[in-house]
Amino acid sequence: MAAPSPAMNLFLLLNSPHYLRPFADTMHTLAERGHRITLGWHSPSSRAPLAAVEQLSAHPNITVIKVPTKRTDHRYAVNLLRRTRNYLRYLDTPFRGADKLRRRAFDRLLRGALADDTTEDSALSESGLALPVSDVERLQDALAWMETLVPPDPACTALVADGGYDAVLVSSLVSLNSSTQVEVVKAARTLGVPVGLLVYSWDNLSTKGEIHAMPDRVFTWNRRQRDEAIELHHVPADRVVLAGAPRFDEFLACAPRVPRQTFFASMGLDPNRPALMYVCSSAFVSGDELPFITQWLHALRTAPYEDVRTCNVIIRPHPDVELVGPDVASTRLDFGVEGLAATAFRPLDDPGAVVLKTASRTPQGLYESLWHS
């Protein structure tokens, strides 16, 4: 019989407690097996999973700590260096056509560069495209070399050293700001502590800036993210691990709990009709989607197929977007399932179309909508 693995002392650093949800079960399981876990985050969040934080904090093997929120020395110079690198990224291949990403990175650069609240025309972000790609690459190489000369923040070095950790894990590291996580990764590498990046979201490696400090391992969701890590961030291939997407574990564990009759009748829709669902995107990606949805709905209602003309239509807003205002007629829904309250809005002049927003950020509401559509 194999001897049990020795207990580890791990540090998990997140952007905010909002990022905890996909990792909470794993952290609890490791603690139950005798490993010591330290959790920390450097930004507050109004969307923190408080129940998960409290549950983990109560475990004797889990400690929640505060970490430095800002670099304690040369803060503005280092911040400007990293934001400039992030902007240059979107002047290079394959991002030269990504004007929205470039403008966002340029806006962050301006915020770090300007000494007051003076506003500049963010359309200036496109002026960088006048530089030949070869010049952009030379600038990138120069700034990447400068980054290697920046020592880790002393406070973060002390944090890692005092913890005596066997390994450090960060999520999501890649940021358009000068993140504390960069300092912790640098500190861990300097102290010889292995450090891993847990990719949190589908677009972390493609739209969020540079990896300013290279971890020992990058745990990606799939082959696509593995290729992004290698090609876009020059992570050595032997450091990339395909680990699946823990963010979707909770969703994949769902099962339908609301009968079809209850689901549609609660919204004032006919359960006997088929349903189409439109899933909205974030404000950054799509802006105000309601005008397009109005046009799309008109196209459905004038389609040559009866099932399309008469179908139920469910519109699911992005969790961070108020698609409709408080003045729109709405109905509070109770599907008879604990924790699955929702609101149905009717901003469109169509009795068969509702905007459905569930009150909880747990995935059951989205799962039910997909299942019944």
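In what order do the strands of the open sheet of seven strands come? Before the answer, please keep in mind that this is a predicted model. The order is S3-S2-S1-S4-S5-S6-S7, and the pairing is parallel. Strand S3, residues 62–66, and strand S7, residues 240–242, are at the edges; each has a single partner strand, so one side of each has no neighbour in the sheet. From one strand to the next, the twist averages 20 degrees.

Strand S6, residues 217–220, pairs with S7 in the parallel sense over three bridges. Within that pair, Thr220 stands opposite Leu242 in S7.

Next, the helices on the sheet. H7 packs on the sheet and touches strand S1 (9–14), strand S4 (167–171) and strand S5 (195–198). The direction of H7 makes about 160 degrees with that of S4. Helix H9, residues 223–233, lies across S6 and S7, and runs at about 170 degrees to S7.

Now the helix pairs. Two packed helices are described by the angle between their axes and the distance between the axes.

For helix H6 (residues 154–163) and helix H7 (residues 180–191), the angle is about 55 degrees and the axes are 8 Å apart. That angle makes H6 oblique to H7. The crossing of H6 past H7 is right-handed. Which residues meet here? From H6 there are Cys156, Thr157, Val160 and Ala161, and from H7 there are Thr180, Glu183, Val184, Ala187, Ala188 and Leu191. Seven residues of this contact are nonpolar, two are polar and one is charged.

For helix H3 (residues 75–89) and helix H5 (residues 133–148), the angle is about 150 degrees, with the axes 10 Å apart. Angles over 145 degrees count as roughly antiparallel, so H3 is roughly antiparallel to H5. H3 passes H5 in a left-handed crossing. The residues in contact include Leu81, Arg82 and Arg85 of H3, and Leu139, Leu143 and Glu147 of H5. The contact of H3 with H5 divides into seven nonpolar, two polar and four charged residues.

Last, the hairpin. Strand S10, residues 330–334, and strand S11, residues 341–345, pair in the antiparallel sense over five bridges. Ser330 has Phe345 in S11 as its bridge partner. Six residues lie between the strands of this hairpin, and Gly336 takes a positive phi near 80 degrees.

Definitions and conventions. Residues numbered from 1 in each chain as written. Predicted model: local features only at pLDDT ≥ 70, side-chain atom pairs only at ≥ 80, totals over all residues. Heavy atoms only, no water. Axes fitted to C-alpha atoms, helices over the stretch in contact; angles between N-to-C directions. Helix = DSSP H or I, 4+ residues; strand = E, 2+ residues; numbered from the N terminus. Parallel < 35°, antiparallel > 145°, perpendicular 65-115°, else oblique. Left-handed = near helix turned anticlockwise from the far one by under 90°. Contact = heavy atoms within 4.5 Å. Nonpolar A, V, L, I, M, F, W, Y, C, P; charged D, E, K, R; others polar. Pairing = 2+ DSSP bridges.
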